[in-house]
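Visitor: I'm new to this one, could you walk me through a few things in it?
Guide: Gladly, let's bring it up and begin with charged side chains.

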Amino acid sequence: MVATVRAVVCLSLWLSVCQVRGSHIPQEMNKTIQNLLQHYKIPLRERFNGKPVFSREPLAGKMEVKRMFMGGVLETYEKLISHMLNQLPTPTPQTAESNNLPASAAGTASGGEVGADVDVRKDLSYILNMVKELKKNRYLEQEKILQELKALKHIQMDNLVVQSKALWELPWLYEEASSLNDTMNTERRRRRRRRQARKAKIHPKA
């Protein structure tokens with residue numbers, strides 16, 4: 001009983017946070033997600049078991065890390081929702097015909113399952129499109145980098161040509177990797193000096 005009450009409280013808090021922080025989430029998208037959650041039901045103890053699918057720890061790091069992580073999250077969502085769509089029953093002529101009927105008639109056509117499947121497919125397709133648009137418009141650079149990272153996994157480790165060329169390229173890459181942190185620190189110092197200079201202009205000392 002206590003666990004159930006705690007889960008309900010967590011759910012209420014989560015919904016309130018979504019409403020406060022949901023300035024970038026269209027109302028239709030939020031409503032669609034809530035509708036889908038009615039279809040993909042799981043026990044509250046499973047939803048709030050302290051093991052999220054996507055860790056939030058990287059979001060506490062630097063902006064570069066956050067953007068890279070979120071690019072990966074969006075790509076994973078795209079694959080996951082596409083997989084969920086593929087799991088749905090294949091639309092049939094009967095499904096398409098019932099989709100043109102009034103909601104009450106469509107629901108009666110086969111015990112409500114046909115209409116429900118059509119609604120779930122429509123809702124998932126809408127969410128998938130929203131994820132794709134966000135990734136394309138704001139995370140295109142991160143997507144390219146992720147594709148490059150994937151390519152690294154397929155390097156032919158046993159290939160002598162690959163081994164030799166990799167050794168030959170290592171000095172430049174090692175130097176680049178070593179100096180990258182210094183470059184970032186230099187940029188931070190420059191930004192800090194610019195901010196201090198702007199503050200000095202706005203609030204000159206007496």
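This is a predicted model: local features need pLDDT of at least 70, side-chain atom pairs count only at pLDDT 80 or more; totals for chains, interfaces and linings use all residues.

Visitor: Where do Glu75 and Lys150 lie?

Guide: Glu75 is in helix H4 and Lys150 is in helix H8 (residues 140-152), so the pair ties together parts that are 75 residues apart in sequence.

Visitor: And is Glu75 buried or exposed?

Guide: Glu75 counts as buried, with a relative accessibility of 8%, whereas Lys150 is partly exposed, at 28% relative accessible area.

Visitor: Which residues are linked with Glu75 in a network of salt bridges?

Guide: Lys79 and Lys150 are linked with Glu75 in that network; the salt bridge between Lys79 and Glu75 has its closest N and O atoms 3.7 Å apart, and these two residues, 4 apart in helix H4 (residues 63-87), are separated by about one helical turn.

Visitor: How many salt bridges does the structure hold?

Guide: The structure holds 5 salt bridges, including one between the side chains of Glu143 and Lys135, at 3.6 Å from N to O.

Visitor: Changing topic, what is Thr32 in contact with, leaving aside its neighbours within four places in sequence?

Guide: With those neighbours left aside, Thr32 is in contact with Asp123, Tyr126 and Ile127; Thr32 is found in helix H2 and is buried, with a relative accessible area of 7%.

Definitions and conventions:
Residues are numbered from 1 along each chain as its sequence is written. Side-chain values use heavy atoms; hydrogens and water are left out. Buried means under 20% relative accessible area, exposed over 50%, partly exposed in between (1.4 Å probe, protein chains only). Contact means heavy atoms within 4.5 Å. A salt bridge is a side-chain nitrogen of Lys or Arg within 4 Å of a carboxyl oxygen of Asp or Glu.
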